[in-house]
Amino acid sequence: MIEFLHDCNRALREADTVDNDQPVLDRDYNELLRSAGRRLMLRVAPAGTHGLYDACNGVAALRHEGDEGVGTMLVSRRLHPAIVPVLTLETPVPMRDHRSIRKLLELSEGHTALISDASHVFGLGQLVAESDGQYEPLVTVHFTNHYSWEMSHAGHVLMRVVSNTPRLPQGQVAADNFARTARIVFPSLSLDSIDYLWDLAHKATTQPTGTILVISTGAAKEAQRLTRQCFRVVPRIMTPSVLRLVTNIDGAVLIEPSGMCHAIGAILDGLATEKGDSSRGSRYNSALRYVNSSKYPALAVVVSEDGWIDLLPS
Amino acid sequence: MWEHQSLFRVSAQLFAEGIFNLLDRSLRPEVFLLGFASSKEADEPGAVIIEPSTMRYSPLDFKDVKGIAATLETDTGPQGIVYHLHPNDHDRTAKHHWYELVCRATETTLQDLATSRNENRRSFCAVPVSLQGYLVTVVLQLSTDCYDGYYTLPKSTAGRPVNLPHAA
């Protein structure tokens with residue numbers, strides 16, 4: 001938002017002074033996101049030290065003896081009371097010395113991480129337990145694999161950077177958004193039932209290969225109608241652990257708002273709708289078609305293989 | 001306001017869609033321009049221009065923005081009595097300060113409008129630019145549910161990003 005509005009203002013000022021043939025707002029989208037990433041890292045760096053974003057990229061890009069850089073770095077001011085030092089370097093290593101930092105990263109494991117104040121790495125340390133009086137949530141940079149890292153705070157991932165391209169952590173359907181939509185589609189549903197459905201939906205969103213969870217008041221009849229395009233199951237209450245198993249196969253899982261499952265691996269049908277989006281995959285579009293043309297009130301959680309997570313109707 | 005304002009608005013809309021769709025398609029960015037005529041009273045016709053004119057807001061919705069900005073000015077604290085040695089510097093600072101107040105007042109007005117109309121939109125305004133007799137503000141609106149769904153850093157201060165959508 002900040003970078004976007006800055007660019008707009010720059011373009012507006014140019015509109016007043018420069019020939020109108022000049023292109024406006026022609027900055028590359030990812031370049032703008034990189035600037036936003038830099039801005040965010042500057043915000044979390046103690047004392048506003050510049051260069052943390054680029055240092056993290058530099059370190060993530062290097063390999064050590066052929067291995068990808070995997071490790072953790074805690075970012076805090078020096079001698080932070082919430083960090084228990086494990087090993088302190090006699091001479092701190094500057095963050096711009098990517099090769100040395102990459103080598104030192106090999107030392108971090110589990111809760112033991114490199115300690116840095118965004119300009120130097122001081123050694124190894126551990127964050128005290130949450131129950132400790134000195135505890136304070138700190139910024140953590142986690143190097144996940146080659147040229148990839150993510151920044152988190154208090155266990156929440158704020159930014160994931162892959163090949164110097166910042167992105168948000170994979171979108172998850174927010175609980176309150178789910179509850180609101182569920183209440184609209186199934187007005188008579190109790191709060192407990194909505195919570196249970198949310199547990200199931202949340203489990204579905206963790207399926208890495210993608211899946212569709214359809215919640216419909218007519219699940220039993222729909223399972224019967226789609227007999228040839230699904231595996232009907234003896235009705236049973238769906239639990240998150242069973243859902244993880246049944247979503248390993250292609251197709252949708254059909255459940256009632258009460259959580260009763262009637263079919264797995266269902267190939268959904270439905271009429272083409274103007275809401276369809278050809279830029280999205282078949283899983284999204286078939287769920288959209290189904291939800292829009294279903295005779296019964298229906299809600300679908302669509303987890304696409306490429307990482308999108310959608311709640312239909314949205 | 002100026003000849004290419006529609007073109008600029010469309011470019012900014014496409015630019016916003018390009019950026020924010022890379023982050024999260026549910027952010028649904030919407031861009032429009034607000035122009036406050038420098039030489040007209042708030043209730044005169046043409047005092048506020050909205051681009052596009054088909055926008056769901058009317059110029060009358062923004063007639064009080066300058067008034068709100070003026071009330072904010074009385075509430076500026078010690079910053080209000082800082083004088084710069086060079087008159088040009090002082091003028092520039094005073095002008096910039098006024099633009100920031102207009103920006104804050106516009107954001108407050110839009111937020112109140114969104115609340116009263118039950119719109120799921122969160123508004124952000126750029127500091128206005130003086131252009132051909134108008135103070136032109138770029139307004140970016142994002143889906144509140146989606147925007148608020150992302151974790152934000154604590155201890156936020158003005159102008160410092162709290163998360164990636166805010167920084168972008």
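This is a predicted model: local features need pLDDT of at least 70, side-chain atom pairs count only at pLDDT 80 or more; totals for chains, interfaces and linings use all residues.
Me: Is the crossing of α3(A) and α4(A) right-handed or left-handed?

Reply: The crossing of α3(A) and α4(A) is right-handed. Residues are numbered from 1 along each chain as its sequence is written, and chains are lettered from A and ligands numbered from 1 in the order in which they are written.

Me: OK, at what angle do α3 and α4 of chain A pack?

Reply: Helix α3 (52-61) and helix α4 (98-105) of chain A pack at about 65°, with axes 9 Å apart. Axes are lines fitted to C-alpha atoms, for helices over the stretch in contact, and angles run from 0 to 180 degrees between N-to-C directions. Helices (H or I, at least four residues) and strands (E, at least two) are DSSP runs, numbered from the N terminus.

Me: And which residues make that contact?

Reply: A:Ala55, A:Gly58 and A:Val59 come from α3(A), and A:His98, A:Ile101, A:Arg102 and A:Leu105 from α4(A). Contact means C-beta atoms, placed from the backbone, within 7 Å. By class that's four nonpolar, two polar and one charged. Nonpolar is Ala, Val, Leu, Ile, Met, Phe, Trp, Tyr, Cys and Pro, charged is Asp, Glu, Lys and Arg, and the others, Gly among them, are polar.

Me: Switching to chain B: why is α2(B) called oblique to α3(B)?

Reply: The axes of α2 (65-73) and α3 (87-116) of chain B come within 8 Å and cross at roughly 120°. That makes α2(B) oblique to α3(B), because under 35 degrees is roughly parallel, over 145 roughly antiparallel, 65 to 115 roughly perpendicular and the rest oblique. The crossing of α2(B) and α3(B) is right-handed.

Me: Which residues of α2(B) meet α3(B)?

Reply: Among them are B:Val65, B:Ile68 and B:Leu72 in α2(B), with B:Leu101, B:Ala105 and B:Thr109 among those in α3(B). The residues of this contact divide into seven nonpolar, three polar and three charged.

Me: Back to chain A, what's the strand order in the eight-strand sheet?

Reply: The open sheet runs β2-β4-β3-β1-β5-β6-β7-β8 with mixed pairing in chain A. Two strands pair if DSSP finds at least two bridges between them. Its edge strands are β2 (83-94) and β8 (165-167), each pairing on one side only. The twist averages 25° from one strand to the next. Strands β1 (71-75) and β5 (139-145) of chain A pair antiparallel over five bridges, and A:Leu74 stands opposite A:Thr140.

Me: Which helix packs on it?

Reply: Helix α2 (29-44) of chain A packs on that sheet, touching β1, β5, β6, β7 and β8 of chain A. The direction of α2(A) makes about 70° with that of β8(A).

Me: What about the sheet with six strands?

Reply: That one is open and mixed too, in the order β10-β12-β11-β9-β13-β14 of chain A. β10 (231-237) and β14 (309-312) are the edges. In chain A, β9 (211-216) and β13 (298-303) pair antiparallel over six bridges, and the bridge partner of A:Val214 is A:Ala300.

Me: Last one: how many residues does each chain bring to the contact between them?

Reply: Chain B brings 33 and chain A 32. On the chain B side, α1(B) gives the most, with nine residues.

Technical notes. Two residues are in contact if their C-beta atoms, placed from the backbone, lie within 7 Å. A crossing is left-handed if the near helix is turned anticlockwise from the far one by less than a right angle, and right-handed if clockwise.
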